Amino acid sequence: MAGSGLLMKQTVLDNGLTVLVQEEHTAPLASVWCWYKVGSKDERPGLTGVSHWCEHMNFKGTTNIPRDQVKGIIEQFGGSWNGYTWIDQTTYLETATRDALDRMLFIESERMANCLYHPDDCESERTVIISELHGGENDPDQLLDQELTATAFKAHGYRNPTIGWLSDLETMTRDDLYGYYRRYYVPNNATLVIVGDVGTDDVLRKVDAHFGRIAAGAAIERRATVEPEQTGERRVTIRKAGTTAYLKLGYHAASATDPQFAPMMLLDAVLTGAKGVNLWSSFRVPPPQRSARLYRALVERGLASSVHGSMVPTEQPFLYNLSVTATEGIALASVESALLEELDRVRRDGVTEAELVKAKAQLRARMMFDGDSVTNIAHQLGYFATIASVDTLTSMPAGLARVTAEDVAVTARDVLSSSNRTIGWFDPLPVDTVKAEA
Amino acid sequence: MSLVPVRTVLENGVTLLVKSTSKTPIVAINLAMRAGSIADPADAPGAAWLLSRVIDRGTAARSAAELAEELDSRGITLNIAVTRHLFSVVCTCLTEDFAAVLALLGDILMAPSLPDAEISTRKGEVITAIRQDEDSPAVQAVESLMALLYPGHPYGRRTKGSVDAVERLTRDQLSRLHADRFAPGALTAVIVGDVDAPRARDEVARVFGGWRASAARPVALPPVMPASTRQRLVIPMMNKSQADIAYGFTTITRRDPAYYAFWLMNVAFGQYALGGRLGDNIRERQGMAYYVSSALDANIAEGPLTIRAGVSPANVDRAVASIDEEVARLVADGLAPKELDESRSFLIGSIPRALETNAGIANFLQTAEFFGLGLDYDERLPGLLAAVTLDDVHAAARRALRVDRATVVVAGPYEER
């Protein structure tokens, strides 16, 4: 892929900040991403959603960037900025013309060390975040995803939704937020990535000027509960007014560094089409899946209007998810039975050599498409450095090439067992009934 | 860095735009036919949309399974989209696959076989999608706003049609729509990527050069009538958690000389940073909404300016009042000089980002061709934006926005008191 990491320079500052720089001189742009190893899996009870809320607070002014000057600080260079929080990571980015490089680094250094967390801003953001949570609940598919994950994990922090549970969002205090920020937003818990039309030496000088004086934080002690092995199928059913029925399956599956990750990606490609491994961009283009097994078994037969598989690289073992939208008028039980039949078939017979060749060709193309901009290249470097290592990314094409049909068959037998799965239904109640009750 | 695309019109009327780039060994193909939803026959709303679901499911030369295999083996997903005016087929492929993929796309656009079995399966998908839309407050709010802003006008219709209308659609209707609207003179092919202009031209000529079909008659659009009073519609959806507000006006056409003033006005009003003035007021100061923004969609006919927000049902009235307040302030005072300068710097500065990827360039060129903006539009755009004055923006606001003529739709767990 473009941005393969081969031309990348990696440095660690004295304060522990990891810096990755890659020159890409194809457009007069630069993209800066700052990654923190903190996400919803790190949250304790009572503070679910704190990682994401901190992300919101970290756009609200710092000691040296007054609140009223945040707006426009990157836009004046024609740039865009954003951020996201998920289970393993919180990240911030700016992409703008290269002359904004110094400004982008200044913003990220301020975000790391000097955010304000003004009490009024914390309160105002509480309602914004609760509004975000309610907006998510408007989507039955998202609601089912949240319930399925919480059912599949009973101990590991991956069980909590990144947005948090409502009661925690209602009661969390400014001190909770600020304490969390101070603990995790330290250089020794961060990776800074710069990709674009820049000179590496110049970048490193500027990085040192902005970040070199930020003191390292205390080493972060992480106590991760290991999810006990699942020993039987679990089920969750949501009965709520709606127009459409949804089915989801979640299987405990390999982390990004597990040798089983590559065969899982290929198995998913055979079942639902290849996606690539860029969480920031891959989902924007649907996978090539017309000839994929589950598409043929469900969509082509008119049982479902869509089927989607998701095998995302994560730090610790997460889920392989299959999501299906039932066609209007088709019972969920029929969709489920057709889906399970296909999964049993791949467990029993494995995949063909021709399917494997096609899946590999798809992944090769998708990983090329994954790296089509400085923003996407920088995302990939920072994402993998945060959840595993850059090597995990750069060795992926070779690892995929080595996978055999037998590897995929063994993985299918291992992962797609009934005792390893959670099945979720969104089984809609007629909308009018609820209206009358309301 | 100017784009300087190469433009050619084939003898049969196909327009071709090529821009060679060499950053990665991939090519973006963007084919747009002037056959969007406004071309739906009066008795067949949703026909163009259903055609877009079926057109790549079999051709005279290839079965649906063969098409699926050819695309999937190259890692390609076709994005087939229907807007008001265009029916487009877009994809990105590896350079080595360019000729084969273009031939496949040509086959799909020129000779779809529209098998009955495929039509039946895709109808099920479209009907499911319409039912999902009916359960989405955000979609309900926007679609109802468009229906109220454009009564009796094709812009007011749902692109997907209704469940009943889709169920009634026949193969003959789809086939007729294809025969009437798909023609070389209605096609613009944009090719951007790791392929030089002469080779791209040869390949396009090889695929489309022999196509003969008479040019489609343009669809006559009725005049757009701006609202003369304030309208308000509430769609109670008591099974939902959050309410969506859609608030809007009809504005101007894309070719209107005031377009650049409207564009800058919209950026300052509802886009800049976290939603411009609207975001400052409703999200940042009042903490009422996760999202609030405005969008301008000037088109062949006078398109809408749409303000959207997602808020708690308890805050609906306050949010609508805040939007009214910001509209009134914009009409009364226009923008401050700093706001205009910031919005202008942002738009001019964002051009390199918009033109970074092959797909981004292809989209830009397709739009420029559609609206007749010229091959040097990327070079002229900064000057066009630079020429806009505060008075121009103020005039734009006074021309299109009036609180007492706003159309407001609320969908969600909210009922009129």
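# Exercises on chain B

In chain B, 29 residues of domain 1 are in contact with 32 residues of domain 2, two residues being in contact if their C-beta atoms, placed from the backbone, lie within 7 Å. This is a predicted model, in which local features need pLDDT of at least 70, side-chain atom pairs count only at pLDDT 80 or more, and totals for chains, interfaces and linings use all residues. Residues are numbered from 1 along each chain as its sequence is written, while chains are lettered from A and ligands numbered from 1 in the order in which they are written.

**Exercise 1.** Determine which element gives the most to the side of domain 1 of chain B that touches domain 2 of chain B.

*Solution.* Begin with the bounds: domain 1 of chain B covers 6-208 and domain 2 covers 231-412, as set by an automatic or database domain assignment. Next, list the elements of chain B that give two or more residues to this side of domain 1: strands S2 (15-20), S3 (26-33) and S6 (187-193), and helix H5 (137-149). Helices (H or I, at least four residues) and strands (E, at least two) are DSSP runs, numbered from the N terminus. H5(B) gives the most, with ten residues.

**Exercise 2.** State how the radius of gyration of chain B relates to that of a compact globule.

*Solution.* The radius is taken over C-alpha atoms, and the globule rule is 2.2 Å times the number of residues to the power 0.38. For 417 residues, the rule therefore gives a value near 22 Å. Chain B has 23 Å, which agrees.

**Exercise 3.** Identify the element that supplies the largest share of the side of chain B that touches chain A.

*Solution.* In total, 53 residues of chain B are in contact with 59 residues of chain A. The largest share of the chain B side, nine residues, comes from H4(B).
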